[in-house]
Amino acid sequence: MSDPKPKKRKRINVRRPDVMEKVQAEIQRHYESSIVEKIRANDGSLTVGNTTVKLARQFGFCYGVERAIDLAYAARKVFENNDIYLIGEIIHNQEVNRQLDEMNIVSLPWKEMNEQYDQLTEDDVVIVPAFGAPTSYIDKIEERGAAIVDTTCGDVMKVWRRVRGYAKQGFTSIIHGKSGHEETRATASRALGDNKDGHYIVILTLKDTDFLCDYLNGKVSSAALMERFGDAVSPGFNPEIHLQKVGVANQTTMLKSETEEIQKRVCKAISERDGKTENFQFFDTICGATQERQDALFEMLKGHMDVLLVVGGYNSSNTTHLVEIGQEELPTFFIQNSDRLNSLEQIVHFDLEQKHEVTTQHTNLLDLDKDIIVGITAGASCPSNLIESTIKRIFELRGVSNETLDKI
């Protein structure tokens with residue numbers, strides 16, 4: 001006789017006042033920066049001698065990221081003696097995930113489930129990251145009876161409500177995002193709807209959009225469409241059936257301007273095909289923090305800077321888009337932390353096209369007698385302590401000691 005299935009356990013609220021007081025003290029010690037706060041208070045600029053560092057008005061941790069980290073730290077304090085697991089990474093930042101690893105929070109595979117999920121017990125705790133997780137993962141964890149601490153960002157859940165609504169109305173979700181990204185995978189699973197009979201297709205670029213629009217207007221065959229997007233569609237997807245009514249949604253960290261352009265092009269294609277737009281829907285689901293950081297960088301770029309440093313995890317989508325914006329205007333370097341500033345001559349940074357770190361010789365910083373302005377911004381998953389260490393490293397290379405900065 002088989003063992004009875006464990007009972008499903010409710011999600012746990014770990015944000016008790018007594019717990020959060022301890023959590024906030026620990027997070028402040030790990031991630032906050034007095035220098036960053038001083039520069040914020042000084043209109044985002046600090047000049048020492050002939051070196052100026054400017055910070056974007058909006059950068060670093062957003063509310064959703066702060067909440068996810070709070071919940072992960074709180075889970076460890078509430079479940080002090082339990083095994084705690086995390087689906088993948090809590091956010092896309094190496095430093096934050098390193099801290100959780102040191103707290104003995106064990107990362108589970110996120111691309112596919114393995115035997116570790118089958119071995120979960122009622123005594124275990126599983127943290128769902130800020131990106132969320134596919135419904136199949138949640139179902140498995142509940143089936144095993146493990147406790148769930150859900151840190152999914154509220155902006156992501158808004159997208160989920162939208163795509164579930166599309167499925168309920170018989171609309172296929174066109175998801176603007178990276179098909180392999182944790183958030184997009186989680187959103188795609190919700191696009192199937194409550195009855196699991198909904199459909200989706202994931203597109204990334206405007207070229208993808210134009211190809212899809214060509215299909216909608218009869219210029220591309222179903223076979224060609226499936227050849228291009230076959231790995232980024234729902235099970236049983238049939239273009240001839242499932243692209244009659246469509247709704248656009250997006251990974252929350254995409255470029256807003258690009259998502260808006262995708263909406264316009266798809267709407268135009270549907271209108272040309274049907275002579276009306278009733279079979280098209282869209283909803284603005286770009287994360288507010290993502291947009292604030294993009295807008296702040298656009299504003300920052302109106303002023304002069306010699307170089308821009310974008311600090312953050314290389315797998316962070318919202319940080320990557322800041323790099324794309326910056327490199328259109330001036331030398332821009334995507335660095336994981338201050339260790340990548342090897343010297344005044346060498347910067348180790350992530351190249352978006354080559355998709356790996358490269359070393360660049362940058363002569364603008366060489367002449368110590370020359371006035372320079374270094375701009376710094378960071379994505380929503382980058383803690384202030386990493387920004388502080390970057391600031392200190394810039395001034396150190398320019399002959400300004402940490403002791404001098406600490407006295408400011």
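What is the handedness of the crossing of α7 and α8? In this predicted model, the crossing of these two helices is right-handed.

## Helix packing

Two packed helices are described by the angle between their axes and the distance between the axes.

| Helix pair | Angle between axes | Distance between axes |
|---|---|---|
| α7 and α8 | about 30 degrees | 8 Å |
| α1 and α3 | about 120 degrees | 9 Å |
| α2 and α15 | about 80 degrees | 8 Å |

Helix α7 covers residues 154-168 and helix α8 covers residues 182-191, and their axes pack at an angle of about 30 degrees. The pair is therefore roughly parallel. On the α7 side the contact is formed by V156, V159, W160, V163, R164 and A167, and α8 contributes E183, A186, T187, R190 and A191. Sorted by class, this contact of α7 with α8 comprises seven nonpolar residues, one polar residue and three charged residues.

For α1 and α3, the axes lie 9 Å apart at an angle of about 120 degrees. That angle makes α1 oblique to α3. The crossing in which α1 passes α3 is right-handed. From α1, the residues in contact are V19, M20, K22, V23, Q24, E26, I27, H30 and Y31, while α3 supplies I69, D70, Y73, A74, K77 and V78. The contact of α1 with α3 divides into nine nonpolar, two polar and four charged residues.

Helix α15 spans residues 384-397 and packs with α2 at an angle of about 80 degrees, the axes being 8 Å apart. The two helices are therefore roughly perpendicular to each other. Here S34, I35, V36 and I39 of α2 meet S384, I387, E388, I391 and K392 of α15. By class, five nonpolar, two polar and two charged residues make up the contact of α2 with α15.

Rolling a probe the size of a water molecule over the atoms shows where empty space is left. The largest pocket has a volume of about 420 Å³. Its lining consists of 15 residues, of which K178, L204, T320, E324 and K355 are the closest to the centre. Helix α14, residues 317-326, gives the most to this lining, with three residues. The lining of the largest pocket has five nonpolar, six polar and four charged residues.

The second largest pocket holds about 290 Å³ of space. Of the 16 residues that line this second largest pocket, I27, E32, F61, E66 and S384 lie nearest its centre. Two or more residues of the lining come from each of α1 (17-31), α2 (34-41) and α3 (63-78). By class, seven nonpolar, four polar and five charged residues line the second largest pocket.

## Cavities

Which residues lie nearest the centre of the largest cavity? They are V65, F131, E183, T253 and N318, out of 20 lining residues. The structure holds three cavities of 30 Å³ or more, and the largest cavity has a volume of about 240 Å³. The elements giving two or more residues to the lining of the largest cavity are α3 and α14. This lining divides into nine nonpolar residues, ten polar residues and one charged residue.

E183 links two parts of this account: E183 of α8 is in the contact with α7, and E183 is also among the residues nearest the centre of the largest cavity.

How values were computed:
Residues numbered from 1 in each chain as written. Predicted model: local features only at pLDDT ≥ 70, side-chain atom pairs only at ≥ 80, totals over all residues. Heavy atoms only, no water. Axes fitted to C-alpha atoms, helices over the stretch in contact; angles between N-to-C directions. Helix = DSSP H or I, 4+ residues; strand = E, 2+ residues; numbered from the N terminus. Parallel < 35°, antiparallel > 145°, perpendicular 65-115°, else oblique. Left-handed = near helix turned anticlockwise from the far one by under 90°. Contact = heavy atoms within 4.5 Å. Nonpolar A, V, L, I, M, F, W, Y, C, P; charged D, E, K, R; others polar. 1 Å grid on protein atoms, 1.4 Å probe; cavity = no way out; pocket = protein on both sides within 12 Å on 5 of 7 lines; lining within 4 Å. Points joined across faces, edges and corners; volume = space filled by probe spheres on them.
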